[in-house]
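I opened the file today and went through it one item at a time. These are my notes, kept in the order in which I looked things up.

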Number of protein chains: 4
Amino acid sequence: MNAPLRFGMIGGGAGAFIGAVHRTAATMDGLAVLVAGCLGSTPERALASGRALGLPADRNHATWRDMLKAEAAMPAGPRPDFITIVTPNESHAEIAAASLRAGFHTVVDKPMTRTAAEAAELAHVASSSGRLLAVTYNYTGYPLVRQAAQMVRSGEIGVVRKVVVEYHQGWLATDLAAEGQKQAAWRADPARAGAGALGDIGTHAENLVSFVTGLRLASVLADVTAFVPGRRVDDDASVLLRFDGGAKGVLSVCQVAAGEENNLTLRVYGTEGSLAWRQENPNELVLSPREGQRRVFTRAGAGSLDTARASTRLPPGHPEGFFEAFANVYRGIVERIAAQRDGRPPADHALLVPGPAEGLRGMRFIEACLASAQASRWTVVG
Amino acid sequence: MNAPLRFGMIGGGAGAFIGAVHRTAATMDGLAVLVAGCLGSTPERALASGRALGLPADRNHATWRDMLKAEAAMPAGPRPDFITIVTPNESHAEIAAASLRAGFHTVVDKPMTRTAAEAAELAHVASSSGRLLAVTYNYTGYPLVRQAAQMVRSGEIGVVRKVVVEYHQGWLATDLAAEGQKQAAWRADPARAGAGALGDIGTHAENLVSFVTGLRLASVLADVTAFVPGRRVDDDASVLLRFDGGAKGVLSVCQVAAGEENNLTLRVYGTEGSLAWRQENPNELVLSPREGQRRVFTRAGAGSLDTARASTRLPPGHPEGFFEAFANVYRGIVERIAAQRDGRPPADHALLVPGPAEGLRGMRFIEACLASAQASRWTVVG
Amino acid sequence: MNAPLRFGMIGGGAGAFIGAVHRTAATMDGLAVLVAGCLGSTPERALASGRALGLPADRNHATWRDMLKAEAAMPAGPRPDFITIVTPNESHAEIAAASLRAGFHTVVDKPMTRTAAEAAELAHVASSSGRLLAVTYNYTGYPLVRQAAQMVRSGEIGVVRKVVVEYHQGWLATDLAAEGQKQAAWRADPARAGAGALGDIGTHAENLVSFVTGLRLASVLADVTAFVPGRRVDDDASVLLRFDGGAKGVLSVCQVAAGEENNLTLRVYGTEGSLAWRQENPNELVLSPREGQRRVFTRAGAGSLDTARASTRLPPGHPEGFFEAFANVYRGIVERIAAQRDGRPPADHALLVPGPAEGLRGMRFIEACLASAQASRWTVVG
Amino acid sequence: MNAPLRFGMIGGGAGAFIGAVHRTAATMDGLAVLVAGCLGSTPERALASGRALGLPADRNHATWRDMLKAEAAMPAGPRPDFITIVTPNESHAEIAAASLRAGFHTVVDKPMTRTAAEAAELAHVASSSGRLLAVTYNYTGYPLVRQAAQMVRSGEIGVVRKVVVEYHQGWLATDLAAEGQKQAAWRADPARAGAGALGDIGTHAENLVSFVTGLRLASVLADVTAFVPGRRVDDDASVLLRFDGGAKGVLSVCQVAAGEENNLTLRVYGTEGSLAWRQENPNELVLSPREGQRRVFTRAGAGSLDTARASTRLPPGHPEGFFEAFANVYRGIVERIAAQRDGRPPADHALLVPGPAEGLRGMRFIEACLASAQASRWTVVG
């Protein structure tokens with residue numbers, strides 16, 4: 001095993017769900033270690049969070065600008081190999097660009113930015129920087145999502161005709177933001193989040209479809225709603241999809257689906273069969289051939305293809321979950337960085353790490369949905 | 001137990017799936033007995049089918065016109081109480097109107113007619129006739145579908161916000177009509193069937209939503225497709241739904257969903273919880289409250305409400321299926337006819353039998369979807 | 001279609017669950033019609049039940065002895081082809097023997113008798129009578145149970161090593177008999193029922209194992225319990241199984257399994273794979289090969305073998321249930337009687353109808369379990 | 001967050017499944033860090049494994065005796081807080097005793113030892129040492145297993161009557177040991193493993209029952225088999241259980257259950273309801289009340305009780321799995337050690353960590369099963 005990479009984190013302080021997830025995911029295989037951070041939106045909060053996590057004082061920064069400057073000045077040994085950005089959406093673009101320009105490989109949570117224009121600009125910065133920009137569409141890390149993608153590529157279900165993707169949650173069924181729930185708060189503010197459900201979970205759904213099918217989304221027809229009285233961002237979207245080449249689909253995202261937890265499901269229907277996967281029971285992937293019996297592929301079980309097999313740690317029947325999937329994305333990020341450092345091609349699984357193209361597409365998807373809903377017509381996804 | 005009612009059947013001869021289903025359903029509780037028929041589209045086929053079923057020669061008719069005339073002339077004893085019509089969609093309107101005018105209570109398979117105009121006319125005939133006109137949306141007969149409807153009415157899930165209904169089949173994934181498969185053939189002919197998947201299964205899905213939620217569908221935005229090369233009717237439709245009062249929804253019907261069998265599923269999300277039901281495992285209904293644990297209602301199990309309890313024959317854990325659900329619709333039809341005969345109000349479960357209003361709404365739904373798809377815009381459901 | 005057979009019924013009057021089930025099952029395909037009965041344990045109840053079912057006065061009998069005598073004296077036209085006996089266990093042997101001796105093909109509900117000695121005697125009577133004696137182990141009628149049996153025979157899972165069968169119900173978790181529940185009452189009386197859970201559901205479990213595996217049960221080691229205070233028959237049994245040839249197994253039956261409905265499940269593990277089936281979702285059979293993906297066989301779906309295909313009425317995805325399975329047993333009974341009448345070999349599916357051998361084996365199983373539990377040792381199943 | 005504890009590991013080198021699991025589990029929350037090891041059964045393998053994991057040379061030991069001596073001599077700063085032992089069963093007793101005597105808190109994988117006599121002796125050593133001895137029955141770490149235990153204690157299902165526990169795997173369906181598979185090899189050697197399936201997975205099953213029900217197992221009646229020709233240890237056991245107080249049960253463990261992965265399931269039936277849990281889908285726990293609907297408790301979902309809530313990291317719907325459950329056991333171990341160090345009572349969840357009593361009971365269970373199978377009679381679990 002090589003020495004672990006070093007990384008810094010911006011955002012994700014005490015009490016922030018996603019920051020802790022990134023830290024556990026990045027480190028669970030022993031491939032990376034947190035060495036620096038600016039873990040909060042005010043200097044006080046940032047420094048307190050860093051102390052709580054045991055960061056040494058000189059690597060615990062009050063502002064992200066201080067951090068990028070100080071860490072970039074570090075010598076090669078202790079200097080971070082990459083920076084993870086888990087701030088609210090509004091600041092992704094600025095911080096990520098600064099991180100790339102400071103010479104760091106950069107990981108940014110989804111959605112990549114607040115607007116497609118920002119995303120395009122950031123993609124440009126990434127491209128010129130020669131650094132990796134990864135966007136953590138973490139559901140692509142599930143071994144059986146990777147298996148599904150590879151099965152579609154290999155023709156297992158023939159030509160894709162129809163896709164149905166849903167991402168239903170119930171936690172915003174009431175007005176949590178008004179009740180002061182922290183995570184709900186910034187997500188409910190259009191100025192900070194951009195979109196609501198579309199940005200928070202809609203992009204995951206769009207990305208999952210694209211990742212598995214390899215199809216390019218051409219246009220959308222969306223009905224976008226804020227069901228909870230007083231809410232200023234969408235909490236529901238129903239979207240018809242048309243793909244290049246003639247496939248069609250339906251996407252439903254909802255954060256007021258009372259009684260749902262984190263119900264992301266994908267079904268892909270092709271000329272020769274279909275695939276179904278459900279995030280809440282992620283260790284199974286169902287292939288229903290046009291003829292023949294339904295077959296249940298299990299994580300690490302019989303028939304595992306290479307990128308799936310490279311993305312699992314335990315024998316079949318020993319469930320892996322959300323952390324392990326997220327860690328697979330980091331495993332790919334580490335492999336990409338190490339391969340670049342060592343001047344060698346990365347392992348195949350690392351090629352699956354979502355980057356600027358996927359991030360930009362996600363933003364274009366959001367904006368196309370909002371425009372379509374406004375105009376009540378089919379809208380091209382730029 | 002009262003003496004069983006007598007019924008005649010038009011259509012549904014040897015080899016016709018739906019005719020046999022109606023006969024089994026109508027008779028399985030001993031509430032009705034087949035006494036006459038014109039069971040085929042040609043005199044030869046009709047007479048042969050009737051003989052095979054053991055109809056006496058004088059009740060076995062060569063044409064439906066002959067049959068209605070002869071049977072109407074029968075004295076009250078042997079005369080049929082009702083006529084079931086299971087011909088291809090194109091002839092529903094004419095035959096059903098004639099049957100009603102001949103004085104028979106009349107049962108017609110869905111979709112009620114080939115066009116909404118025909119349906120409106122037929123509804124008018126039914127209304128003036130004083131006879132019952134029932135449309136066999138058989139999925140309303142499942143006890144737990146009735147339970148769901150009653151739970152929505154009683155406020156169990158609060159105000160409905162979003163509905164997701166799907167009806168996916170795979171049997172038309174290839175061009176069966178071209179291969180000469182009989183059932184597929186007339187369904188694939190626009191002149192005979194009207195619509196394709198929309199008429200065949202789309203109206204079931206629309207009816208299920210309306211039946212369970214009690215909401216009135218206001219407008220649709222549809223994307224309608226014929227995926228199989230050469231097919232002249234739709235085999236797929238993805239439809240956004242808007243209901244009076246602000247609820248929204250997504251409807252997906254597909255007959256090229258390779259690997260699916262008869263996957264009709266409904267989810268209804270309200271402010272206080274959600275309901276989920278799946279036709280392929282119809283003995284369970286899942287209530288997911290906004291707070292609290294998911295609860296699984298079983299057919300005839302704890303918490304069964306009255307129309308559900310009146311629609312079941314076996315203790316919980318002894319599965320009932322498609323026939324029993326279909327028979328529940330007939331049980332209601334028989335009860336409605338008997339109650340009218342006896343001058344008493346029918347039992348509650350019999351009020352659930354779909355009639356002209358539901359049949360007409362189904363036709364308007366189909367036409368609105370086709371018009372919307374043509375125009376790519378939201379279209380009012382008349 | 002041939003003219004339906006005629007049958008009479010003894011027992012199973014108003015309010016008796018199993019009588020109504022037999023009538024629906026026997027008639028649902030139009031293959032048989034009820035023409036005579038003695039439908040209750042007292043003359044008053046019997047006659048009232050017969051009237052309620054519309055039996056003509058001369059075919060509605062006050063005692064079973066009267067009935068057998070009168071019906072046997074009928075001329076060939078109206079005379080019943082077979083008699084179904086659904087009285088409490090205690091009288092099965094006497095009535096069935098009398099029915100056979102009166103020249104009727106005879107159907108008796110399981111368990112065949114109250115003791116193994118009675119069963120052996122009855123088997124002898126059946127054998128000498130030249131008449132069919134069928135025992136309604138109705139779970140053998142499920143198409144996928146027949147599929148499983150045929151798959152085991154064809155070597156799909158190799159040599160069977162271990163079997164796990166469970167039949168858990170919760171309806172006797174409290175003392176229903178003391179509360180006067182009718183069905184529970186006679187079942188709870190050792191003099192009338194023989195055994196408790198072992199006779200009521202244990203024999204179903206034993207029969208299911210034998211039917212599917214084809215193995216001969218050699219010996220048992222049982223722990224038999226009456227959990228409910230005051231109950232005089234067993235309401236639970238846990239049994240270790242040893243089969244001829246070296247296979248082993250576990251059987252658990254329980255009627256105090258609070259929260260269970262009718263949870264009969266079977267798993268058969270062989271050298272090359274395993275099969276799993278669950279009565280509460282009977283339209284699926286899961287084959288888990290030693291290598292390769294788990295495969296889900298559906299009723300009437302891809303891969304259906306002949307006896308399974310001959311035992312189904314609807315396309316895949318249209319659920320069949322308990323009645324249809326029960327009706328499959330009657331379909332076989334009718335076919336066996338018709339074939340004998342017509343001097344031809346019966347169709348294959350009719351060979352699956354359980355008869356005296358299966359009924360006797362069930363009684364020996366019960367008695368071996370009770371003896372084993374008494375002695376705390378392995379006991380040969382006679 | 002406090003500074004992480006330091007630990008050393010004996011056994012579990014390159015290629016050993018369970019060693020890697022322990023390392024990931026111990027470190028995934030950042031609560032512990034590996035500082036020393038003797039990670040292999042020969043000096044060469046041990047040193048190579050330690051180097052591969054990045055251990056510094058002075059903490060990478062050739063033999064476990066060297067390691068315990070050297071590490072015990074370390075000053076308080078770098079000295080390990082605890083030692084984890086993941087060698088084959090045969091050496092658990094000796095090494096664990098030495099570790100405890102060297103002053104280390106000690107973690108040993110299950111089964112605790114090779115014989116009950118060894119276990120009793122080791123329990124004695126632990127007791128005199130004043131050090132923690134934990135036995136990693138890792139399935140007790142699943143949040144919903146803890147939830148189940150707490151629900152049983154709180155009377156949610158009334159008085160327990162019957163328990164059904166199964167642990168079925170298929171990976172030993174053929175003779176992997178003969179084929180040289182490493183993990184299978186030592187497990188298949190009676191001298192090294194003690195028992196086969198009973199030791200490997202049977203003790204997990206026994207422990208799960210005891211943990212959830214709180215019942216004391218009184219006696220067993222076992223049928224123990226080696227199905228694979230030439231195998232010298234059991235690969236299957238079917239066991240009847242009797243508990244103090246009158247509850248009964250069935251335990252089935254099988255490693256030749258072709259087609260199974262890691263199917264550990266538990267059902268507990270009480271007078272008021274039942275609980276069901278399945279390791280392969282561990283984020284759900286089903287409560288079936290005697291009256292009322294089945295309710296599905298989800299990890300971190302509504303109704304989570306305190307020890308369950310303390311054992312989870314992610315919101316409901318974000319699956320956790322095997323690693324997280326295992327990490328919960330380590331979280332308790334760390335808490336116990338920290339609490340002892342700090343002179344405070346440990347948090348409640350840490351009281352659930354299995355120790356010498358559970359380890360000894362597991363060994364007694366194994367020996368009672370083997371003795372019972374030998375004698376074919378009920379055998380007291382000492």
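**Entry 1: confidence**

I looked up the confidence of chain A first: its mean pLDDT is 95, and 98% of its residues reach 70 or more. I note here that this is a predicted model. For the model I wrote down an ipTM of 0.96 and a pTM of 0.97.

**Entry 2: a helix in chain B**

I picked helix H5 of chain B, residues 116-129. H5(B) has 14 residues, and I read 20 Å from its first C-alpha to its last. That is close to the 20 Å expected at 1.5 Å a residue.

Which residues of H5(B) are buried? I listed Ala116(B), Glu118(B), Ala119(B), Leu122(B), Ala123(B), Val125(B) and Ala126(B). I then looked for what covers them, and the cover includes helix H4 (92-101), strand S5 (133-136) and helix H12 (356-375) of chain B. After H5(B) comes Gly130(B), and I noted its positive phi, near 70°.

**Entry 3: cis peptide bonds**

I checked the loop that lies between strand S4 (105-109) and H5 in chain B, where I found Pro111(B). The bond from Lys110(B) to Pro111(B) is cis, and omega is near -10°.

I went to chain A next. Lys110(A) and Pro111(A) are joined by a cis peptide bond, with omega about -15°. Pro111(A) sits in the loop between strand S4 (105-109) and helix H5 (116-129) of chain A.

**Entry 4: the nonpolar core**

I looked up the largest nonpolar core, which has 527 residues. Which members touch the most other members? I found Cys369(A), Cys369(B), Cys369(C) and Cys369(D). I followed one of them, Cys369(D), and left out residues up to four places away in sequence. Cys369(D) touches Leu198(D), Val220(D), Ala222(D), Val224(D), Ala237(D) and Val239(D).

**Entry 5: chain A and chain B**

I laid chain A on chain B. A rotation of 180° with 0.0 Å of shift along its axis superposes them, with an RMSD of 0.0 Å. The two copies are therefore related as by a two-fold rotation axis. In chain A, the C-alpha nearest the axis belongs to Arg377(A), and it is 3.2 Å away from the axis. I also compared the contact residues: 100% of those of chain A recur in chain B, and the same surface serves both copies.

**Entry 6: chain D and chain C**

I counted the residues in the contact of chain D with chain C: 34 residues come from chain D and 34 residues from chain C. On the chain D side, the elements that give two or more residues are strands S6 (160-168), S7 (217-225), S8 (236-243), S9 (248-254), S10 (263-270), S11 (273-278) and S12 (284-289) of chain D. Which element gives the most? I found S9(D), with 4 residues. Sorted by class, this side of chain D has 13 nonpolar, 11 polar and 10 charged residues.

**Entry 7: Thr271(A)**

I located Thr271(A) in the loop between strand S10 (263-270) and strand S11 (273-278) of chain A. Is Thr271(A) buried or partly exposed? I counted 18 C-beta neighbours inside 10 Å, so Thr271(A) counts as partly exposed; a buried residue needs 20 or more.

Leaving out residues up to four places away in sequence, I found that Thr271(A) touches Gly158(A), Val159(A), Arg161(A), Ala173(B) and Ala258(B). I also checked Arg290(A): it is 19 residues from Thr271(A) in sequence and 7.6 Å from it in space, C-alpha to C-alpha.

I looked at Ala300(C), which has a positive phi of about 70° although it is not a glycine. Ala300(C) lies in the loop between strand S13 (294-298) and helix H10 (306-309) of chain C. I found 21 other C-beta atoms within 10 Å, so Ala300(C) is buried.

In chain D, Ala300(D) is not a glycine either, and I read a positive phi of about 70°. Its loop runs between strand S13 (294-298) and helix H10 (306-309) of chain D. Ala300(D) is buried, with 21 other C-beta atoms within 10 Å.

Technical notes
Residues numbered from 1 in each chain as written. Chains lettered and ligands numbered in written order. Predicted model: local features only at pLDDT ≥ 70, side-chain atom pairs only at ≥ 80, totals over all residues. pLDDT = per-residue confidence, 0-100. Expected span 1.5 Å × (residues − 1). Buried ≥ 20, exposed ≤ 12 C-beta atoms within 10 Å, placed from the backbone. Contact = placed C-beta atoms within 7 Å. Core = buried A, V, L, I, M, F, W, Y, C linked by C-beta atoms within 7 Å. Nonpolar A, V, L, I, M, F, W, Y, C, P; charged D, E, K, R; others polar. Least-squares fit on C-alpha atoms with pLDDT ≥ 70 in both.
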